[in-house]
Amino acid sequence: MTAAPSSPDVDVVCLGESMVTFVPRQAGRLADVPTFDRGIGGAESNVACCLARAGHSARWVSRVGADGFGDHLVAAIAATGVDTAAVQRDQGRPTGIYFRTAGERAVRAAAPAGGSEVVYYRAGSAAAAMAPGAFDRATLWSGRVLHVSGITAALSADCLALMRELTTPATGRPLLSFDVNYRVGLWRGRGAADQAGPEVLADLARGCDLVFVGEDEAEAAWGLSGPAAIRAALPEPAVLVVKHGAEGVTVYARESANTASAWQGPGPDTVTYAPALRVDVVASVGAGDAFAAGFLSATLRGLPVFARVRHGHLMAAAALTVPGDLGTPPSRAQADRLAALDPDAWGALRLSAGWTEAEPGAEVPTVGGPNAEVRNR
């Protein structure tokens, strides 16, 4: 790799595969649905899009095919304000695509009865050819934060080698943000790698500064239950964000972890818990990526950990109240106002579709229940 830039020129660089996604126009099994709507989907590009729409400068780094689907991906992501100049086009490999029903991707070997279906066509994709040396360091280190996820590690041996390189501590590296994103289907059928996937993800997480992991992921991948057990297994990251689904989030952060810089050295943890919002969920896909974007946005602004979590919840609520991966984030003024609510007012909020369209100072759309009458004040 070439030398890193002397100073960052964007807030966040996001590295990872994005794919064209096809979602049924009606409920039912994929086998029975005749027509689909086209969209885009990718954990890291979702984060970049959310951050760009929230007023940050974001760069997406990846590879796509020299095909129409690649054209669509790059154009759609760039339309949100993300810098896509570093995206490479591959003449010999296709852009990945996938089909899904509504719902989040499964983290376990068997989805529950009646659960969502997701079918990937990404083997041999352009993104699977990401490898050490494919991108220079000046590009990857051009942000205050570099955000990656465990999905990339599962795509190919080359991608895993790249992830191992990126998560090796190095002088001058920006804050390295890692979303575990354990997806058992991506590791299944890869022989020894199938069994080693959880171990690989733990090793990668240990080399990062900021790690996001769902409690359900940690239980499925590592057999760990509860945030304290997860922290004990991953003591290295300066900030560990453990998500408890619709309940809330627990953050373990070292005392020095108060800026968007790479945090070094051991130190005592401060443990912060922040309950989630009540949301009328339209679709859960993309909520985890949106939460990461909200947390990173507040981190870049130097906000306290509790506020970072609340901003993550608000960004996730924007994704949960739309059918696709990307919701319209609240304005910064609206997000700051809601994030500053006292516990009673926060607990009384119930966000529904269209809530981010409220004018500054206006009531947030809520529905049902006596508590819904207590609005943001």
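Visitor: Which residues touch the most other members of the largest nonpolar core?

Guide: Start with the general idea. In soluble globular proteins, nonpolar side chains tend to be buried together. A nonpolar core is a set of buried Ala, Val, Leu, Ile, Met, Phe, Trp, Tyr and Cys residues joined through side-chain atoms within 4.5 Å. Buried means under 20% relative accessible area, exposed over 50%, partly exposed in between (1.4 Å probe, protein chains only). Here the largest core has 46 residues, and Leu 15, Phe 178 and Trp 222 touch the most other members. Another core lies apart from it, with 43 residues, including Phe 22 and Ala 290.

Visitor: What kind of model is this, and how are residues numbered?

Guide: The model is predicted: local features need pLDDT of at least 70, side-chain atom pairs count only at pLDDT 80 or more, and totals for chains, interfaces and linings use all residues. Residues are numbered from 1 along each chain as its sequence is written, and side-chain values use heavy atoms, with hydrogens and water left out.

Visitor: How many aromatic pairs are there?

Guide: Rings of Phe, Tyr and Trp (its six-membered ring) pair if their centres lie within 6.5 Å; planes under 30 degrees apart count as stacked, over 60 as edge-to-face and the rest as tilted. The whole structure holds 8 such pairs. One of them joins Phe 212 and Phe 291, edge-to-face, at 6.4 Å centre to centre and 85 degrees between the planes. Phe 212 sits in strand β11 and Phe 291 in helix α10, 79 residues apart. Helices (H or I, at least four residues) and strands (E, at least two) are DSSP runs, numbered from the N terminus.

Visitor: Is Phe 212 buried or exposed?

Guide: Phe 212 counts as buried because its relative accessible area is 0%. Phe 291 is buried too, at 3%.

Visitor: Where is Met 130 found?

Guide: Met 130 lies in the loop between β8 and α3. Its relative accessibility is 0%, so Met 130 counts as buried. Contact means heavy atoms within 4.5 Å. Beyond four places in sequence, Met 130 touches residues including Leu 15, Arg 63 and Asp 158.

Visitor: Which helix gives the most to the lining of the largest cavity?

Guide: Rolling a probe the size of a water molecule over the atoms shows where empty space is left. On a 1 Å grid over the protein atoms alone, a cavity is a set of points where a 1.4 Å probe fits but cannot get out; lining residues have an atom within 4 Å of a point. Helix α11 gives the most, with 3 residues. Among the lining residues are His 311, Leu 314 and Met 315.

Definitions and conventions: On a 1 Å grid over the protein atoms alone, a cavity is a set of points where a 1.4 Å probe fits but cannot get out, and a pocket is an open set with protein on both sides within 12 Å along at least five of seven lines; lining residues have an atom within 4 Å of a point.
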